[in-house]
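Trainee: I would like to learn how to read helix packing and sheets in a model. Can we go through one case together?

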Amino acid sequence: MEKKEDPNCNSAEVDNNNTPKDEIHELLQTLEQQTNWDGRPLVKYDGFWLTVLSFRSILSTQKYFKAKDSDVILTSFPKSGTTWLKALTFSIVNRNVYTIDQNPLLTCNPHTLVPSLEHHLYSLQENPNLQHIPSPRIFSTHMPLSILHDSIRDPECKIIYICRSPLDVFISSRHFWLENKIGKDAVPLELDEAFDRFCQGIHSSGPFWDHMLGYWNAHLKNPEKVLFLKYEDLKQDITFYIKKIAEFMGYPFTEEEEKQGLIDEIAKLCSFENLKNLEVNKNGDIRGVLKNSSFFRKGKVGDWTNYLTPDMAERIKKIMESKFGGCGLIFKI
Ligand code: PAP
């Protein structure tokens, strides 16, 4: 079944009038409903708020996607550093395929090179054939761990989760949607109201705390399978994390490669400044729906201070203390 495209990052949700009247349609009617801060309809499924249009492709991913042991699945709450992680993992595994000056990242947006399961592949087709993609296949998803199919959770495939301070995530996500003006008829809420909804966990892929905790607990249980990264840590020491990611994926750098400066070259290639200023990311778009430039806004830690009050920060801090208290998951605010 061919479906309307839902490219990436919680989707360019065009309209849902073409949702076929089948069992998924019927299931949708039974689920609790809410509105995302940007006006898109949400439904609650397995404890998480999902956008209505991506619901169908999420269920298709659950049903049909079969991970291979050599797959790497990049997972994240939206606006937590996925684009950066895509660029890094793609460069690491392909470093012997392309020289740095011929790397496809110079002419393609990272989201084109590393497709999203639910917002790209399973949005275009109900059951796409992914067999032709050479190993190691790298895919991304914003799906919470509990919603991921057993085929991702159980075999040897690797999961890399990246998260980020919820305050910066909230601001980043707000700018992204406003810039792309997605959902023509949707009326976004004012900042205060939108923030209030975010704090209640009503946000696409939310609540953010359950999203993070699912992967955090899986990482604690099996660190060989789930690598847990924080955007802020990568900002602080990218060299260390490129090595760590490479080792985790089973592609460690040799001493020779390190001496040749390959890690620094990958760090530079994938840096915010480099990617943002490439022609493809300045003027290109993702299938005519999302501007590539909108994936490269400021790339800063703590940008929330320009938009949110200390009281708002305190509210998030309290939420994190109550949800994460004692589990070891900490964000400096
Ligand atoms: P997605 O969920 O839509 O894929 P994602 O890439 O996770 O988005 O997050 C986008 C954020 O990462 C943006 O943050 P900002 O709005 O606070 O600026 C974007 O600027 C930042 N970003 C993108 N690429 C990089 C990079 N190479 N290095 C650091 N930050 C980056």
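Trainee: Which residues of helix 11 meet helix 13?

Mentor: This is a predicted model. In it, Ile-238, Thr-239, Ile-242 and Lys-243 of helix 11 meet Ile-263, Asp-264, Ile-266 and Ala-267 of helix 13. The residues of this contact divide into 5 nonpolar, 1 polar and 2 charged.

Trainee: At what angle do the axes of helix 11 and helix 13 cross?

Mentor: The axes of helix 11 (residues 238-249) and helix 13 (residues 262-269) cross at roughly 105° and come within 10 Å. Angles of 65 to 115 degrees count as roughly perpendicular, so helix 11 is roughly perpendicular to helix 13.

Trainee: Now the sheets. How do strands pair in general?

Mentor: Strands of a sheet pair through backbone hydrogen bonds, in either the parallel or the antiparallel sense. An open sheet of 4 strands, in the order 5-4-6-7, has parallel pairing.

Trainee: Which strands stand at the edges of that sheet, and why is one side of each left without a neighbour?

Mentor: Strand 5 (138-141) and strand 7 (226-230) stand at the edges. Each has a single partner strand, so one of its sides has no neighbour in the sheet. From one strand to the next, the twist averages 20°.

Trainee: Over how many bridges do strand 4 and strand 5 pair?

Mentor: Strand 4 (residues 72-76) pairs with strand 5 over 4 bridges, in the parallel sense. Within strand 5, Phe-139 stands opposite Ile-73. Helix 3 (residues 82-93) packs on this sheet and touches strand 4, strand 5, strand 6 (158-163) and strand 7. The direction of helix 3 makes about 170° with that of strand 5. Helix 11 also packs on the sheet, touching strand 4, strand 6 and strand 7, and its direction makes about 165° with that of strand 7.

Trainee: And the antiparallel case: in what order do its strands run?

Mentor: The order is 1-2-3, in an open sheet of 3 strands. Strand 1 (33-35) and strand 3 (48-51) are at the edges, each with a single partner strand. Here the twist averages 40° from one strand to the next. Strand 2 (residues 41-45) and strand 3 pair over 4 bridges, and Leu-42 stands opposite Thr-51 in strand 3.

Trainee: Which residue does the side chain of Thr-51 contact?

Mentor: The side chain of Thr-51 makes a polar contact of 2.4 Å with that of Ser-54, a residue found in helix 2 (residues 52-64).

Trainee: Is Ser-54 buried or exposed?

Mentor: Buried means under 20% relative accessible area. Ser-54 has 2%, so it is buried.

Terms used:
Residues numbered from 1 in each chain as written. Predicted model: local features only at pLDDT ≥ 70, side-chain atom pairs only at ≥ 80, totals over all residues. Heavy atoms only, no water. Helix = DSSP H or I, 4+ residues; strand = E, 2+ residues; numbered from the N terminus. Buried < 20%, exposed > 50% of the residue type's maximum accessible area, 1.4 Å probe, protein only. Polar contact = N/O pair within 3.5 Å; in protein donor to acceptor, adjacent residues only side chain to side chain. Axes fitted to C-alpha atoms, helices over the stretch in contact; angles between N-to-C directions. Parallel < 35°, antiparallel > 145°, perpendicular 65-115°, else oblique. Contact = heavy atoms within 4.5 Å. Nonpolar A, V, L, I, M, F, W, Y, C, P; charged D, E, K, R; others polar. Pairing = 2+ DSSP bridges.
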